Amino acid sequence: MTEKVEIKPYGGAAGGWGSVKSLATIGRREQSGPEVLRELTRQNKPDGFQCVSCAWGKPEHPHPAEFCENGAKATAWELARFRVTPDFFKAHTVAELLGWRDHDLEQAGRLTHPMRYDQSSDRYVAVSWEEAFTDIGAKLKGYDPTKAIFYTSGRAALETSYMWQLLARMYGSHNLPDSSNMCHETTSVGLKACIGSPVGTIQLTDYEHCDAIFYFGQNPGTNSPRFLHDLRSCAKRGVQIIVFNPLRERGLERFTDPQNPVEMATNSSTQIATQYHQVKAGGDIAAILGMIKHMLALDDAAGGTVLDYEFIAQHTKGFDGVAAKARETNWDEIERESGLTQMALEGAGAIYARSKAVICVYGMGLTQHRHGITNIQMLVNLMLLRGNVGRPGAGFGPVRGHSNVQGQRTVGITEKPELMPLDQLARQFDFEPPRELGWDTVAACEAIVGGEAKAFLGLGGNFARAVPDTATMEPAWRELDLVVNIATKLNRTHLWPGRTTYLLPCLGRIELDRQASGAQTVTMEDSFSRIYGSRGRATPAAAALLSEPAIVAGIAKATLAPNPKADWDGWVGDYRLVRDEIEKTWPDLFARFNERLGTPGGFWKGNHAAHREWKTGSGLAEFNVPETLNGAGFEDGEDRFRLITLRSNDQFNTTVYGYDDRFRGIKGTRDVAMMNRQDMTALGVVDGETVSLVGAYGDNADKRVGGLRVVPYNIPRGCIAGYFPELNILIPIAHHALESHVLAAKSVPVRVEKT
């Protein structure tokens, strides 16, 4: 289907009637029936199901409609009436489906039967569950377990994730990459080193007590729209919201609450940002250092009353080094690297200096850079200056993406042996788990490209589409000996089969999961480290579907030797038994796990840094001196730009709901390059002209994406923006954050070629 392309500025606020119209459109497209409307009333409620989209917190006292535009799209998408049956694959070869767009593949509908790829006909053909499990198990037994990858997407529940990591470790594999490797692993590494906590320190209720929010590199209007309600409430009571983001994002400018009759009737809105600073991609280190420099000057002028020296002396180390770095760095360098003026940074620093309780919000605009760890360290430096950690209304609020991506790490989805209580696991299940460092996402990609990996088992997700350098990854994928994909819908990863490939369809979280003991509840963890129960009630898409735990158990029983302590059948029959095992593995985090599932607003697993207990090597919160002010990891050149890959308003991760990016005024296409007008003039390109983006550094120097329409946009000079995952081909596998290995997708070196 050809979309009508229309590009013009969007004049409305985030939310409002634009959201209502968008939901109506998706409802018609998915042919949503009464069941979808019924389920929306249960979404994010204590007795309902937890949204399959983002990981934003669920309030103790929810709104009547506790869902956002993207959450409603995700629900309609999962409960769509369309089906991908064995007859669908009889009608379409894999080669043909490779020509379909990402949207159209998933739009085909829910998978209904287990399938195996048949190379001779280039089609998927139906098989029985028993046949699939038996063959998968037989093949896994023939591999070196350290050459098998067990990937997890961010949607799988805690119960499934725990069973998955146990399957991998009992098999002998320590390769447990997950979607956190692609987004917030920088938080897990950076925050933990600085304050001893790998996750955010605040609770949702802290937004009721802060008087300032410093907001870096996260777009709530597209990525976490329910957050807009909390930002609106903060703005209404006078909280200063200081935004640092390269693009002007409508959700950070103004918001019309669809649940507010007055705002809807009058088409009015609430201003969100008090100050909006369009920092250059990779310029956040310099911007934060500029604020610190100004804070020191204010403190000098005020006789040492601006900084919290008591907190610094009692709880931190390394302050003198950071202070010296800020004082000696000149403003010319700070302005050049940040793309912001001294006056702008002093204005932001002045608000921080007089604020009593500050929350620091950030997203992948900080984590997905070559020097992403330094970005996080600089945020910590800023927050420690005035003791803005471990007290009401103050702390770190990283916004996670997928609904349970943080929780999966909590229950053992990690390639790092030091993050898992392996001795306890060994005692609990009477086996010796592997204790070496496994493959994260980058290492898994390198192993696939290098031919070292033999098997890839994916618990959800769209791995081959989400990773960098897809032009290299896709043909290498075909050399894998075994590929197993557990999924609800068809996506592009499924169209790159290995020598043996299975497509195993599962129940969705919104659907009724009835097992031997009755209807089941699953659990997940949000961005605030709170854990919720979730119970589906919708009619399953097909009778042949198995639950994710049942599929994991089926593979485990076919692969592993019998172990009386691993009761796979019992766990499938009653998920409470899985939660009992989770509690045994982490008794402090999951005490009385089953009893607390219905807690309104979830139950908190705790956070030492929130109580000013610093689980670092020094026992203190640590300042860190930046070694560079350039977060991008490469120097600007005369024709080298910093590409920022991003989502559209009609997208969640690799799932493309449609081809409209309402807030950015782009309709009917995703093939665009958003550019600064002055850069366009310098290059001699005009609005609507077609160009190619070409890799301009290191391993991506020969990669290109053509057919991109130039769109003039309010973006800093030297930066270009375009859509993920289509532009992932331009990101080298080696272009990732140091230490955390998160792909550096927010500052990719490219040049522009006129077509």
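Me: Where does Thr500 lie?
Reply: Thr500 is part of strand β18, residues 500-505 (helices, H or I of at least four residues, and strands, E of at least two, are DSSP runs numbered from the N terminus). By the way, this is a predicted model, where local features need pLDDT of at least 70, side-chain atom pairs count only at pLDDT 80 or more, and totals for chains, interfaces and linings use all residues. Residues are numbered from 1 along each chain as its sequence is written, and side-chain values use heavy atoms, with hydrogens and water left out.

Me: Is Thr500 buried or exposed?
Reply: Thr500 is buried, as its relative accessible area is 6%. Buried means under 20% relative accessible area, exposed over 50%, and partly exposed in between, with a 1.4 Å probe and protein chains only.

Me: And which residues is Thr500 in contact with, leaving aside neighbours within four places in sequence?
Reply: Arg116, Asp135, Lys139, Asp481, Leu482 and Val483. Contact means heavy atoms within 4.5 Å.

Me: New topic: which residues of helix α24 are buried?
Reply: In α24, residues 470-477, they are Thr470, Met473, Glu474, Ala476 and Trp477.

Me: What covers them?
Reply: The cover includes α22 (441-449), β16 (455-459), α23 (463-466) and β17 (482-487).

Me: Last one: at what angle do α8 and α25 pack?
Reply: Helix α8 (residues 158-171) and helix α25 (residues 548-559) pack at about 15°, with axes 9 Å apart. Axes are lines fitted to C-alpha atoms, for helices over the stretch in contact, and angles run from 0 to 180 degrees between N-to-C directions.
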